[in-house]
Amino acid sequence: MASLKNKLPTNQNGNYFVDNTCIDCGTCMWISPNVFSENADQSHVHSQPHNYEEEILTLRALFSCPTYSIGYLSKPKLLNEVRESFPVLIEKNIYHLGFHSEKSFGATSYLIRDPRGNLLIDSPKFFKPLAEKINQLGGIKYIFLTHSDDVADHEEYKIFFGAERIIHEADSENYPYEILLKGTNDYKLYDDLVLIPTPGHTKGSVCLLYKNEFLFTGDHLAYETELKHLIGFKSACWYSLSELNHSIEKLNNYQFRSVLPGHGFPFNTNNSEQMKLEIKKSIEYMNS
Ligand code: SF4
């Protein structure tokens, strides 16, 4: 729980604050951008929530913060309601799980609810009430790990649900798995669910394309709010920048309208030309 004595001095006065345990993972900033922003390599409350919607988003950020760095002076009325609202529906059958883990530097985890078997995409903290809520949505058949950094409590979720874990062999050295991806060819889990190897950030990074609409990118690609376009993680590339660039170019071969990253802001458009332009801008950025 965030501590008032460690409250960062730049927080705007009011009920909510960030303390000095913040690791600057960016989670609160994309969930609740009207309230949280970056300041000197940490987050702070630049504006207290002004209405019901902002209060809800602030509390979702609080429950998603991997380091429990977001606190309050008096207990918010909506606290329990928001905690119990996870998994939060993003769109159609795609959910945000919250409860980000410090083991994954606060990476976002998602659930695809699908009648052929639900998929967990990267792992949040193991939190039994969350697992029970996922059970009510049909459980988890597969745990797809986009790469080796964002695996968090995969073992606990595997045991709770009896799920099969999927990871690329190049990132599998320290992780048990049930399904191993190899090489650079696409792997179809379902007809409309394709795993696309995208080496670069790590050698075994893989994106997941669902229904030619949603691209789950792990740490391959995310929206950058200052540049106002998609970018590859140039400053956090652990394997190969040239491979990363090639893997971004490769995405031109696929159709999707929504980018859902592990870290950073999501991006949505209904305009396929706009998405192509975003990919082009990200390639230019990588080569700049
Ligand atoms: S979610 Fe928590 S750790 Fe991440 S930037 Fe916000 S306050 Fe910091």
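Predicted model: local features only at pLDDT ≥ 70, side-chain atom pairs only at ≥ 80, totals over all residues.

The points that follow go from the domains to the ligand shell, the core and then single residues.

1. The domain assignment of the protein chain gives two parts, domain 1 (4-75) and domain 2 (86-287). Taken over C-alpha atoms, the centres of domain 1 and domain 2 lie 25 Å apart.

2. Domain contact. Ten residues of domain 1 meet twelve residues of domain 2. On the domain 1 side, the elements that supply two or more residues are helix H1 (27-31) and helix H2 (52-64). H2 has the largest share of that side, with three residues. Sorted by class, the side of domain 1 that touches domain 2 holds five nonpolar, four polar and one charged residues.

3. Ligand shell. Which residues are closest to the ligand? They are Cys 22, Cys 25, Cys 28, Ser 43 and Cys 65, out of 16 residues that surround the ligand. By class, the shell around the ligand has nine nonpolar residues, six polar and one charged.

4. Asp 41. This residue sits in the loop between strand S2 (36-39) and strand S3 (42-45). Asp 41 counts as exposed because it has 8 C-beta neighbours inside 10 Å, and the limit for exposed is 12 or fewer. Between Asp 41 and Cys 25 there are 9.5 Å, C-alpha to C-alpha, at a sequence separation of 16 residues. Cys 25 is one of the closest residues to the ligand listed in point 3.

5. Largest nonpolar core. This core has 65 residues, and the members that touch the most others are Tyr 110 and Ile 143. Strand S14 (residues 206-210) contributes the most to the core, namely five residues. Domain 1 (4-75) and domain 2 (86-287) each supply at least three residues to this core. As general background, nonpolar side chains in soluble globular proteins tend to be buried together.

6. Tyr 110 and its contacts. Leaving out residues up to four places away in sequence, Tyr 110 touches Ile 94, Tyr 95, His 96, Leu 97, Ile 121, Phe 216 and Leu 260.

7. Leu 260. One of the contacts of Tyr 110 is Leu 260, which lies in strand S18 (residues 258-261). Is Leu 260 buried or exposed? Leu 260 counts as buried because 24 C-beta neighbours fall inside 10 Å, where 20 or more are required. With the same exclusion of residues up to four places away, Leu 260 touches Tyr 110, Phe 214, Leu 215, Phe 216, Thr 217 and Pro 266.

8. Leu 193. Strand S13 (residues 193-197) contains Leu 193. Leu 193 is buried because 20 other C-beta atoms lie within 10 Å; the cut-off is 20 or more. From Leu 193 to Gln 255, 62 residues apart along the chain, the C-alpha separation is 12 Å.

9. Helix H6. Within helix H6 (residues 241-250), the residues Leu 244, Ser 247 and Ile 248 are buried. These residues are on the same side of H6 because they cover an arc of only 100 degrees around the axis. Helix H7 (272-287) is included in what covers the buried residues of H6.

10. Cis peptide. Phe 86 and Pro 87 are joined by a cis peptide bond, with omega about 0 degrees. Pro 87 is in the loop between helix H3 (79-83) and strand S5 (88-91).

11. Positive phi. Asp 122 is not a glycine, yet its phi is positive, about 60 degrees. Asp 122 is in the loop between strand S8 (119-121) and helix H4 (128-136), and it counts as buried, with 27 C-beta neighbours inside 10 Å. Lys 228, also not a glycine, has a positive phi of about 65 degrees. The place of Lys 228 is the loop between strand S16 (222-224) and strand S17 (229-231). Lys 228 is exposed, with 9 other C-beta atoms within 10 Å.

Technical notes
Residues numbered from 1 in each chain as written. Helix = DSSP H or I, 4+ residues; strand = E, 2+ residues; numbered from the N terminus. Arc of directions from axis to C-beta. Contact = placed C-beta atoms within 7 Å. Near = placed C-beta within 6 Å. Nonpolar A, V, L, I, M, F, W, Y, C, P; charged D, E, K, R; others polar. Core = buried A, V, L, I, M, F, W, Y, C linked by C-beta atoms within 7 Å. Domains from an automatic or database assignment.
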